[in-house]
Amino acid sequence: MATYSKKRRVEENLAEKEEIQEENDDSSDSNSDEEEEGYDDDSPHPEINQEVQVEFEALPPQDNDFHGIKRLLQQLFLKSRVNLSELTNLILSQNHVGSVLKQSEAQLAEESDSSDDDDEDHVYGVITALNISDKKNENCVKDIQSLLEEKCTKCASPADREQFMRTLDDPEHSVGLLLNERFVNIPPQLAPPLHKSLQKDLQLASRKNPKFKLDYFLLICKSYREDSRRQPAKGKKKKAAGSVTPENELLFSNAEDEYFHKAAVLSFEYPVSAESDSALGGSWSFDDVEYKTFRTVLLVPSSCMADILSQIEENLSI
């Protein structure tokens, strides 16, 4: 079981109130079945326009966050054969690096209808970095590397595949898997302090243990493109000519991933619609446009991190 230190906040202003739109599938998120295959968002839901005020704070991951963290990893890996329980335990074993995003305890105490809920129900996000070069013998790391090698072979150029494999297998360099998952309606303004805190954690940890000094960051980002093959949903208008969104442009669920993408020395994407029946994994619509979802894999040198954080801070801060 992991040990954990005194709770801390990413920044003092991280717990500022943010307006978020309540997700339609909150009830499905409370499912704690460890063998779940993904979210079933195919059933119709009534449209909810209610806005709620939530105070967030970033805390070190604790053992009772297990199911909440695993649920977030599920929305990233979908039905791929990755041992998410083992991956979650790896995150908990190094809980001095990274954070989970939760509703503040003070606010929960004020809400009598939430005070009896399980703690894992309040995990809205997780951010951490795992040295997969050091953990290469762990089954979950083998699963991830096997998955990415397979997708890279199918979806990337031979030159990119060679570079990708060479970097991951190079004993002279350490590659960190940067996991940055949160629910889709969490404000992007929380990204700058979360990433800043993670880099600070890694810097402090590397002073005691060299394995936390990373040469590259490997990211698997949730992304999507307009599906040009699909007609607009019945009763919807076609996309207006001259739209500000270029046709087939790659978009990211987490806004900050755009800046990692720009700094990447290697990137490739693979479709995930066949791996899930959910709206997050298959085709879905937004403002009358149909989209297909992907996972975009990025390899980013750690030397670029200061510039990336600067861009995230400049463009996404409150």
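Contact here means heavy atoms within 4.5 Å. Helices (H or I, at least four residues) and strands (E, at least two) are DSSP runs, numbered from the N terminus.

This is a predicted model, in which local features need pLDDT of at least 70 and side-chain atom pairs count only at pLDDT 80 or more, while totals for chains, interfaces and linings use all residues. Residues are numbered from 1 along each chain as its sequence is written, and side-chain values use heavy atoms, with hydrogens and water left out.

## Overall

The chain has 9 helices and 10 strands. Of its 318 residues, 49% count as buried, where buried means under 20% relative accessible area, exposed means over 50%, and partly exposed lies in between (1.4 Å probe, protein chains only). Among contacts in the chain with a separation of 6 or more, 83% are between residues 24 or more positions apart.

The buried residues are L84, S85, L87, T88, L90, I91 and L92. They pack against α2 (66–77), β4 (123–131), α5 and β5 (175–182). At the start of α3, a side-chain oxygen of N83 comes to within 3.3 Å of the backbone nitrogen of S85. For comparison, a polar contact is a pair of N or O atoms within 3.5 Å; within protein, one must be able to donate a hydrogen and the other to accept it, and residues adjacent in sequence count only if both atoms are side-chain atoms.

The loop between α2 and α3 contains L78 and K79. L78 is buried, with a relative accessible area of 6%, and has a phi near 50°, a positive value in a residue other than glycine. K79, at 40% relative accessibility, counts as partly exposed. K79 and A274 are 195 residues apart in sequence, yet their C-alpha atoms are 9.2 Å apart in space.

## Helix pairs

Two packed helices are described by the angle between their axes and the distance between the axes. Axes are lines fitted to C-alpha atoms, for helices over the stretch in contact, and angles run from 0 to 180 degrees between N-to-C directions.

| Helix pair | Crossing angle | Axis distance |
|---|---|---|
| α3 and α5 | about 115° | 8 Å |
| α5 and α6 | roughly 160° | within 9 Å |
| α7 and α9 | about 160° | 9 Å |

A crossing is left-handed if the near helix is turned anticlockwise from the far one by less than a right angle, and right-handed if clockwise. The crossing of α3 and α5 is left-handed. In this pair, E86, L87 and L90 of α3 meet N139, C140, V141 and I144 of α5. By class, that contact has 5 nonpolar, 1 polar and 1 charged residues. Ala, Val, Leu, Ile, Met, Phe, Trp, Tyr, Cys and Pro count as nonpolar, Asp, Glu, Lys and Arg as charged, and the others, Gly among them, as polar.

Helix α5 (residues 139–155) also packs with helix α6 (residues 158–169). These two helices are therefore roughly antiparallel to each other; angles under 35 degrees count as roughly parallel, over 145 as roughly antiparallel, 65 to 115 as roughly perpendicular and the rest as oblique. The crossing of α5 and α6 is left-handed. Q145, L148, E149, C152 and T153 of α5 make the contact with D160, R161, F164, M165, L168 and D169 of α6. These residues comprise 5 nonpolar, 2 polar and 4 charged.

The remaining pair in the table joins helix α7 (residues 191–208) and helix α9 (residues 305–316). Their angle makes α7 roughly antiparallel to α9, and α7 passes α9 in a left-handed crossing. A191, P192, H195, K196 and Q199 in α7 meet M305, L309, I312, E313 and L316 in α9. Here the division is 6 nonpolar, 2 polar and 2 charged.

## Two buried positions

G176 lies in strand β5 and counts as buried at 0% relative accessibility. Not counting residues up to four places away in sequence, G176 touches L130, N131, L214, Y216, F217 and L218. The C-alpha atoms of G176 and L218 are separated by 5.9 Å, although the two are 42 residues apart along the chain.

S104 is found in the loop between β3 (99–103) and α4 (105–110). S104 is buried, with a relative accessible area of 2%. Leaving aside neighbours within four places in sequence, S104 is in contact with E55 and E57. S104 and E57 are 47 residues apart along the chain, and their C-alpha atoms are separated by 5.5 Å.
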